[in-house]
Amino acid sequence: MQSRTHLSSRTGLLALLLLFSIIVAAGPRLARAETADDIALLDRSSRVFVNVVKAAQPAVVNIRVEKSVENKGGFPGGSDEMFNNPFFEHFFGPQFRGPHRFQQQGQGSGFIINRDGFILTNNHVVEGADTITVRLSDEREFKAKLVGTDPQTDVAMIKIQDSGNLPTLTLGDSDALEVGEWVIAIGNPFGLNQTVTVGVVSAKGRNRVGINEYESFIQTDAAINPGNSGGPLLNTHGEVIGINSALFSRTGGYMGIGFAIPINMVKAIEDQLQKHGKVTRGWLGVAIQDVNEDLAKSFDLKQAKGILVSEVQPDSPASKADLKQGDVILRLNGVDLKDVSDLRNKVALITPGTKAALTIVRAGSEKVIDVVIGEQPSGFGKAGGGLPSRGNLEQFGLNLQDLTPELAQQLGYTAEQKGVVISAVTPGSPAETAGLQAGYLIEEVNKVGVANLKELQIVLKKSTQPKRILLRVRSGDLSQYVVLVAE
């Protein structure tokens with residue numbers, strides 16, 4: 001056996017040496033052929049970027065803004081205490097007393113979308129500006145007027161006047177974009193005009209980043225720095241698929257994570273900005289939360305997906321359509337929903353008065369209900385994502401007490417509201433981990449309403465899972481379902 005193994009090894013070695021000698025003899029010719037092909041391929045690839053940039057650059061603009069800012073300390077950077085001191089008035093005169101105003105300057109990027117001079121950019125680039133100046137790539141400058149803004153998505157539209165034909169960019173389809181695709185960012189980072197950076201799409205649908213109220217960002221590793229804001233993110237066809245908006249950085253500089261607003265979201269509000277200068281959004285009137293594994297078990301769902309309705313506002317489109325607490329929304333107009341942000345974004349972009357179909361699960365059965373989308377109330381904030389908390393009971397680290405009229409008044413609850421108040425949360429307990437706080441009101445236990453501690457105990461005695469409980473807790477104007485599991 002040993003001699004056969006040794007012979008086999010020698011035969012294999014000779015074969016490898018023969019193959020190596022053949023490759024070495026033909027090496028120069030093969031190397032030249034492969035190198036030439038590689039160079040040709042690289043040249044063709046680089047020309048794609050070159051051609052896109054050449055076509056796009058004329059429509060990318062630099063935006064300079066000036067705004068008047070009040071400074072109470074005599075000049076920028078001063079303070080009341082320092083410059084209102086009699087010492088400074090004695091030596092420099094009373095003009096150094098505040099308040100004073102000075103001109104603050106800023107800059108960003110934008111791009112022209114039609115020959116009438118309409119330009120898209122970020123709201124934070126032009127917000128509060130007294131004057132807006134636009135400079136084109138050919139060094140022409142124009143004064144611009146603000147057409148409209150949408151702070152909730154950080155999109156703004158401005159307009160310049162020009163008698164000639166202006167260069168424009170074509171808006172693409174950001175929904176068709178795929179992770180890994182090449183993208184090109186053009187802008188004016190740090191005032192360096194017409195800077196081009198290249199990268200790939202790192203992710204799509206990034207939400208809960210905390211930058212805008214409505215988020216579904218395209219994440220890219222194309223370098224985006226201060227001054228890139230408002231510039232276009234392009235695909236390899238030269239179409240705009242996003243507006244560069246922000247970067248993630250621990251240092252203030254580029255760290256490989258940039259965010260762009262998807263152009264399909266912008267398309268949905270662009271026409272409203274042109275016509276009305278603002279955006280009117282759709283509204284459902286529910287508090288909602290994502291479904292996790294624990295909630296899925298509690299609501300008899302086959303899998304953890306969908307959006308749980310934790311509260312329906314009175315006289316809202318949802319209440320008129322008979323949407324109920326505990327319903328789980330799976331689809332909007334036949335399209336699956338990913339999470340809370342996905343539903344909020346899609347409802348917000350529906351024109352008020354439009355009928356929409358919601359596919360829901362109620363008591364284990366799937367059904368479709370029609371709802372007429374309402375108009376989002378003025379001053380509408382980030383409500384609708386649920387409470388910033390989760391919760392549980394005594395073995396879960398909760399001390400409870402009945403809701404008395406005096407306590408209700410103290411905590412801001414109405415006389416009609418019923419429940420059990422959380423008086424304290426044990427540090428390190430499941431309740432604390434879940435985010436429950438003193439003052440929260442437990443309104444339901446295992447889907448049964450409770451008005452006091454006695455009713456709560458009755459419900460607990462009927463529970464078949466003593467280590468697990470489903471609560472509906474209230475904080476202020478919103479309530480939320482919470483599953484707590486004891487160790």
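Q: Which residue in E18 does leucine 332 stand opposite?
A: Leucine 332 faces leucine 358 in E18. Keep in mind that this is a predicted model.

Q: How many bridges are there between E16 and E18?
A: Four bridges pair E16 with strand E18 (residues 355-362), in the antiparallel sense.

Q: And what is the bridge partner of leucine 332 in E17?
A: That is valine 335. E16 and strand E17 (residues 335-336) run antiparallel and are joined by two bridges. In the hairpin they form, two residues lie between the strands, and asparagine 333 has a positive phi near 55°.

Q: What about strand E15, how does it run relative to E16?
A: Antiparallel: two bridges link E15 (residues 307-312) to E16. Isoleucine 307 has isoleucine 329 of E16 as its bridge partner.

Q: Why is E16 largely enclosed by the rest of the structure?
A: Because five of the five residues of E16 (residues 328-332) are buried.

Q: Changing topic: which residues touch the most other members of the largest nonpolar core?
A: Phe111, Leu120, Leu169 and Leu234 do, in a core of 27 residues. Helix H5 gives the largest share of this core, five residues.

Q: What is leucine 169 in contact with, beyond its neighbours within four places in sequence?
A: Its contacts include Phe111, Leu234, Ala56, Val60 and Pro232. Apart from that core lies another one of 22 residues, with Val286, Ile307, Leu332 and Ile373 among them.

Conventions:
Residues numbered from 1 in each chain as written. Predicted model: local features only at pLDDT ≥ 70, side-chain atom pairs only at ≥ 80, totals over all residues. Heavy atoms only, no water. Core = buried A, V, L, I, M, F, W, Y, C linked by side-chain atoms within 4.5 Å. Buried < 20%, exposed > 50% of the residue type's maximum accessible area, 1.4 Å probe, protein only. Contact = heavy atoms within 4.5 Å. Pairing = 2+ DSSP bridges.
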